[in-house]
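Colleague: I am new to reading protein models. Could you walk me through a few features?
Modeller: Gladly. Here is the model.

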Amino acid sequence: MVEHLETLFYERLEGAVVVVTLNRPDRGNGVVPELARDLLAVLTLLEGDTSVRAVVLTGAGRQFSAGADLKAMKGYLEQHHKVEHEPYNARVLFPVTQRVVASRLPIIAAINGGATAGGLDLALACDLRVCSTVAKLGETYINLGLPPGNGGSYFLPRLIGSGMAAELALTGEVIGATKALQIGLVNKVVEPDELLPTAVGLARTIAAKSRRAVEATKQALRSSWQVDLATSMVQSFWAVAALHYGPDLAEGVDAFLEKRDARFNGDAPPTGMP
């Protein structure tokens with residue numbers, strides 16, 4: 001357990017799912033160093049718990065996250081404007097994004113409201129995005145005189161293509177949930193009262209799969225962004241080989257042949273290699 005969390009809370013649900021809720025609703029769940037550190041601490045804790053199989057990330061109140069807390073940023077700029085200094089929040093926020101991407105856990109963003117700038121980038125770093133019909137999304141850094149600052153320039157073209165990514169990043173347009181679904185920015189759009197049940201249901205579906213296979217699949221999908229087809233195929237070969245003689249594959253085959261749901265035990269090691 002992580003004690004003394006100031007800016008978020010988390011809840012363990014049945015089905016090996018944990019819901020993490022950003023909890024600065026009075027500030028639009030804007031990111032401050034304390035929130036970044038709390039989120040990194042919780043993700044580190046959950047990743048080390050093999051009984052946790054999937055995470056849902058959402059926001060309290062009316063926004064998922066408005067990105068950097070601009071009031072806090074203004075104070076930071078006033079303090080440091082006369083000296084060369086790193087950008088606000090960069091040192092604490094970048095490791096959070098990297099942890100979300102590299103985590104063995106599938107992480108689903110349940111976008112309950114506004115997700116802009118760094119808040120959108122945080123959602124983009126997640127593996128899947130379920131969006132409320134009332135949500136608004138925007139890569140709005142340009143409206144503040146900045147380029148995307150927390151991975152947006154990396155994630156957006158890979159999710160929605162270079163042309164649409166350029167349109168969102170260069171105009172700072174804020175779009176609704178319907179358009180976000182149309183361009184592939186989110187996976188599902190549901191009514192507000194269905195958001196968490198849908199995201200948790202999706203997380204439970206994934207959590208019921210083979211843990212080792214889920215981890216290998218996430219790693220394969222993310223590494224494919226950076227390698228060519230031949231390298232990806234070689235990596236896939238060894239990922240499959242590592243699990244081929246384990247109990248999960250045997251259980252999966254038996255369950256299919258017996259027309260029943262599989263009961264995976266991914267914590268058991270493979271029995272051998274070819």
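Colleague: Which residues touch the most other members of the largest nonpolar core?
Modeller: A nonpolar core is a set of buried Ala, Val, Leu, Ile, Met, Phe, Trp, Tyr and Cys residues joined through side-chain atoms within 4.5 Å. Buried means under 20% relative accessible area, exposed over 50%, partly exposed in between (1.4 Å probe, protein chains only). Here the largest core has 46 residues, and Val20, Leu39, Leu46, Leu57, Ile111, Leu137 and Leu185 touch the most other members. Helix H1 (residues 33-47) gives this core its largest share, 6 residues. Helices are DSSP runs (H or I, at least four residues), numbered from the N terminus. A second, separate core has 16 residues, including Ile108, Ala110, Val130 and Ala207.

Modeller: A caution on sources: this is a predicted model, so local features need pLDDT of at least 70 and side-chain atom pairs count only at pLDDT 80 or more, while totals for chains, interfaces and linings use all residues. Residues are numbered from 1 along each chain as its sequence is written, and side-chain values use heavy atoms, leaving out hydrogens and water.

Colleague: Is Val253 buried, exposed or partly exposed?
Modeller: Val253 is partly exposed, with a relative accessible area of 40%. Val253 is found in helix H11 (residues 247-257).

Colleague: Where do the buried residues of H5 fall, seen down its axis?
Modeller: In helix H5 (residues 152-160), Gly152, Phe155, Leu156 and Ile160 are buried. They fall within an arc of 100 degrees (taken from the directions from the helix axis to the C-beta atoms), so they line one face of the helix. Just after H5, Gly161 takes a positive phi of about 90 degrees.

Technical notes: Helices (H or I, at least four residues) and strands (E, at least two) are DSSP runs, numbered from the N terminus.
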